[in-house]
Every structure is written in structure tokens, then in C-alpha cells.
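Let's walk through this protein chain together, from its strands out to its surface. Have a look at the model first.

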Amino acid sequence: MKNQNRVPHNCKYHAEIRIETERAFNYVTAVGESIIELVEDIEMEMKLNEHRQPELEAAYLNPNTKKVDITWKIKSLIERR
């Protein structure tokens with residue numbers, strides 16, 4: 001059986017950002033090979049979707065293997081920038 005990834009990319013870091021739509025919610029993702037790349041991509045997605053009240057829902061290290069939850073760390077880094 002083929003190895004099925006949890007997310008459709010092989011980046012080291014992955015984040016899910018919830019945004020409002022007209023009828024419900026949707027998600028956009030941010031990715032990076034380093035924690036700095038991830039934070040920069042999250043900030044870009046938040047800015048692009050600021051009219052939709054974006055909220056960081058989850059962030060992971062190695063999302064297709066160990067899947068370590070680093071949401072608290074990423075939120076902390078963003079708050080300090």
C-alpha cells in the first residue's frame with residue numbers, strides 16, 4: 001500500500017489558518033522548511049486574508065511523519081514580532 005501523507009507536501013513545517021467565508025469557515029495553509037519561513041508564510045496568509053478574520057488553528061513539525069504540535073511556539077513567535 002502506498003504511503004499516504006497527511007498533508008500534500010514534503011515541507012518540514014505546516015500550519016493551518018482558519019478564515020471566515022460567507023456561510024462557514026475554510027482553511028488556508030502555510031508551509032516552510034525552517035521555522036522562520038513558516039512564520040513569514042503565516043504572516044503573509046494572515047495579511048492576505050485579514051478581511052476574513054484569520055486565526056492560526058494548528059502548526060506542526062514533520063506533519064507527514066512524527067507530527068509534533070508546535071502551535072503554542074508559533075503563536076508565541078508571532079506575538080513577539
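How many bridges join strand E1 to strand E2, and do the two run parallel or antiparallel? Eight bridges link E1 (residues 13-20) with E2 (residues 25-32), and the strands run antiparallel; two strands count as paired if DSSP finds at least two bridges between them. Four residues sit between E1 and E2, which together form a hairpin. Within this pair, you will find Tyr13 opposite Gly32 in E2.

A word on what you are viewing: this is a predicted model, in which local features need pLDDT of at least 70 and side-chain atom pairs count only at pLDDT 80 or more, while totals for chains, interfaces and linings use all residues. Residues are numbered from 1 along each chain as its sequence is written, and side-chain values use heavy atoms, with hydrogens and water left out.

Now step back to the whole chain. Two helices and four strands make up its elements, in the order β-β-α-β-β-α from the N terminus. Helices (H or I, at least four residues) and strands (E, at least two) are DSSP runs, numbered from the N terminus.

Of the 81 residues, 33% count as buried, that is, under 20% relative accessible area with a 1.4 Å probe, protein chains only. Along the principal axes, the C-alpha atoms fill a box of roughly 40 × 35 × 15 Å.

Technical notes
Buried means under 20% relative accessible area, exposed over 50%, partly exposed in between (1.4 Å probe, protein chains only).
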